[in-house]
Amino acid sequence: MLHEDGAEAHLQEPLILERVEKEPEKKWYTVVSERAKKHCSCSPQKAKSKILGFVPILKWLPHYKLREWILGDIMSGIIVGILLVPQSIAYSLLASQDPIYGLYTSFFSSIIYAILGSSRHISVGIFGVLCLLVGQVVDRELALAGYLPESGTGINNTESLLAGQENSSAVACDRSCYAITVGATVTFTAGIYQVLMGLLQVGFVSVYLSDSLLSGFATGASLTILTSQLKYLLGLKIPRPQGWFTLFKTWYGLFANLAQTNICDLITSLVCLAVLIPAKELNDRFKSKLKAPIPFELFVVIVATLASHFGHFNSEYGSGVAGDIPTGFLPPQLPAWKLIPNVAVDAFSIAIVGFAITVSLSEMFAKKHGYTVDANQEMYAIGFCNILPSFFRCFTTSAALTKTLVKESTGCQTQMSGLVTAVVLLLVLLVIAPLFYSLQKCVLAVIIVVNLRGALRKFRDLPRMWHVNRIDAAIWLITMATSALVNTELGLLVGVLVSAFFVLGRTQQAQVLELGRTPTREHYENVSSYHGLRTHSGVAVFRYGAPLYYANQRLFKKSLYKCAALNPVREKAEAAASVTVMLEERSPIAVRSVVIDCSGVLFLDTAGVNALKEVRKDYREVAVEVLLAQCNTSVLESLERGGYYDSEKDGEVGKNNLIFFTITDAVNYVSENCCPQTLSIQSD
């Protein structure tokens, strides 16, 4: 029970609030039993609700407004499908896979997300950062398995390696086959992680991945992607470096092999860059006037394929080409179970990145268009977008910002757009794919590099980020530098740890501030921040703006004693040594009471409660009373559980009168009961 006391207490009844008695906490086994009964019980209505929640298409499809929405969905689906064709082929290169597997990946993910996804606007498919992460794992496992870079046989050319299917016959698996086996296994494992996180209802973890962290990670990974594609632009056949500091290793390999540059690939790359970069800028500049972005990438791919075919670039000049791209679908196969222990850690980081990107984009566009998405359902959706396609030789997917923006700007209304995109890709897979045989790899690399412009432009925003918030800018810089210069996966971990460190650091930097009262209102603010505030003689009012817990409780006491200009421990020691007790130069009037404003203290732990007990005990030993004001309910409960009230020796005064609703109540109580001579003085 808390009381409001004041100078006018004799004119009005004191304010009394009586706490609501809470039900006693249940035993853990009772809670588990009740939750098990709740989740395991079944009724027709509950079963229907669960099915509709898990398969959102069953909820929105019956209410689909055909006349209003179909045109926009068809238009956006076709355009995204057209853009996905060259990008799917190009990003297969980044994931160390054959082009056909990129088309498979985009096709299956478009269908599955349309069925299970809760966002109407995001485009799920191939994403550059995830392709890079998958490609690094694939190249590592290829090297461990004994495959030579860019070759189809093992080191000794005598030992056949198996595809990893336990139920298959002993058929030799070439480099391409083993690469997709590794990629599909990583994808399957990442999808399992994501579905498990959905089952455990841990969709909230996305809030711990801040925008600055994700942006820094994406930018750092983009630098790595850019560097990895330079060998294709130059027509060099050098292996992808493994381990840490791959950026430096790649540049060393490029300079060491610069003399072997394929002139045909170099000229083709420069021409394609000269076309695509201005074309992309035109699309960006006139996107408000264009009903749909012009698919310049597709035009470049078509022209480059024709030029390579009729110019015999592969046979005459040794230019690397996409090669055979079969039509139709291959039969499903199981993941390579024996590879899962090798890729489990990599798959976890891939799962986190894919989920975080998907949820952040889905929530952003849902907020923009006035609807809601379920983070856990997004976890299920993206998880099954990885699990099911992995049986059809696909690699990891997530939402992609560029294609999502295109999808939204071209009139997308619902997930139906994703099904239309799948139809476009199906047409390519069944009919058109073999026509890209002569497409040069350097053209695919150009498409990847040009699409990195958005992430690399973040460097231009760095001065503004630094001006707005230096901590966010520091997180961005550290995450970006670690991802680019050291290791991509490590960059994500370092970003999370640095973010946590800065959060803890802010609680460590919180200082106790002395407060003064405004002349015209009963409002208290920091005396060092505003002019004209009044302090009270004999009463010092302080505020602490951070949680009080084990990590900062010592700093709290040190800061309080310093700000109060009265260290009770030192005062007591000096008194014991018969030294004259003198206050420091802050005020000529001795402080007899200390009021602590706890409005900024969000919570207390045991160490925090003990710190307040010690502060009160230390000050009482030098005849100074400590009062608390504006404690929230959580703090009050922590004080009660921690025995703060039990340690009082003043009977009723303890619990009822030394914790107050407002600072004014506390100051008025002191003026009436402890320091009747209390006056207000002007702050300097």
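This is a predicted model: local features need pLDDT of at least 70, side-chain atom pairs count only at pLDDT 80 or more; totals for chains, interfaces and linings use all residues.
Visitor: Which residues does glutamate 522 touch, not counting residues up to four places away in sequence?

Guide: Welcome! Find the loop between β5 (512–517) and β6 (524–526), where glutamate 522 sits. Leaving aside residues up to four places away in sequence, its contacts are Arg517 and Thr664.

Visitor: Is glutamate 522 buried or exposed?

Guide: A residue counts as exposed when its relative accessible area is over 50%. Glutamate 522 has a value of 55%, so the word for glutamate 522 is exposed.

Visitor: How many residues apart in sequence are glutamate 522 and isoleucine 663?

Guide: In space, the C-alpha atoms of glutamate 522 and isoleucine 663 are 8.5 Å apart. Along the sequence, the separation of these two is 141 residues.

Visitor: Let's step back to the whole protein chain. What percentage of its residues are buried?

Guide: The protein chain holds 27 helices and 12 strands. Take contacts between residues at least 6 apart in sequence: 80% of them join residues at least 24 apart. Of the 684 residues in the protein chain, the buried share is 52%.

Visitor: Which residues have the most contacts inside the largest nonpolar core?

Guide: The largest nonpolar core has 113 residues. Its largest share, 12 residues, comes from α13. Apart from this core lies another of 33 residues, with Phe556, Cys598, Val624 and Leu636 among them. In the largest core, the residues with the most contacts are Leu103, Val353 and Leu439.

Visitor: What does leucine 439 touch, not counting residues up to four places away in sequence?

Guide: Leucine 439 is one of the residues with the most contacts inside the largest nonpolar core. With residues up to four places away in sequence left out, leucine 439 touches Ile89, Val301, Ala304, Thr305, Gly320, Val321, Ala322 and Leu444.

Visitor: Are α6 and α13 roughly parallel or roughly antiparallel?

Guide: Helix α6 (residues 128–145) and helix α13 (residues 340–369) have axes 10 Å apart and pack at an angle of about 175 degrees. Angles over 145 degrees count as roughly antiparallel. That is why α6, relative to α13, is roughly antiparallel.

Visitor: How many nonpolar residues are in the contact of α6 with α13?

Guide: On the α6 side you can find Val129, Leu130, Leu133, Val134, Val137, Arg140 and Glu141. They meet Asn342, Val343, Asp346, Ile350, Val353 and Gly354 in α13. By type, this contact has three charged residues and two polar ones, while the nonpolar count is eight.

Visitor: Which residues of α15 does α13 meet?

Guide: From α13, look for Leu361, Met364, Phe365, Lys368 and His369. The residues of this contact divide into five nonpolar, two polar and two charged. On the α15 side, the partners are Leu401, Thr404, Leu405 and Glu408.

Visitor: Which helices do the buried residues of α15 pack against?

Guide: The buried residues of α15 are Lys403, Thr404, Val406, Lys407 and Glu408. After α15 comes glycine 411, with a positive phi near 100 degrees. The buried residues of α15 pack against α4 (66–94), α13 and α16 (416–432).

Visitor: What is the handedness of the crossing of α4 and α11?

Guide: The axes of α4 and helix α11 (residues 296–311) come within 8 Å and cross at roughly 50 degrees, and the two helices are therefore oblique to each other. Ile82, Leu83, Pro86 and Gln87 in α4 meet Glu297, Leu298 and Val301 in α11. The crossing itself is left-handed.

Visitor: Is arginine 393 buried or exposed?

Guide: Most residues other than glycine have a negative phi. Arginine 393 has a positive phi of about 65 degrees, and its place is the loop between α14 (375–390) and β4 (398–399). Buried means under 20% relative accessible area, so at 12% arginine 393 counts as buried.

Methods
Residues are numbered from 1 along each chain as its sequence is written. Side-chain values use heavy atoms; hydrogens and water are left out. Axes are lines fitted to C-alpha atoms, for helices over the stretch in contact, and angles run from 0 to 180 degrees between N-to-C directions. Helices (H or I, at least four residues) and strands (E, at least two) are DSSP runs, numbered from the N terminus. Angles under 35 degrees count as roughly parallel, over 145 as roughly antiparallel, 65 to 115 as roughly perpendicular and the rest as oblique. Contact means heavy atoms within 4.5 Å. Ala, Val, Leu, Ile, Met, Phe, Trp, Tyr, Cys and Pro count as nonpolar, Asp, Glu, Lys and Arg as charged, and the others, Gly among them, as polar. A nonpolar core is a set of buried Ala, Val, Leu, Ile, Met, Phe, Trp, Tyr and Cys residues joined through side-chain atoms within 4.5 Å. Buried means under 20% relative accessible area, exposed over 50%, partly exposed in between (1.4 Å probe, protein chains only). A crossing is left-handed if the near helix is turned anticlockwise from the far one by less than a right angle, and right-handed if clockwise.
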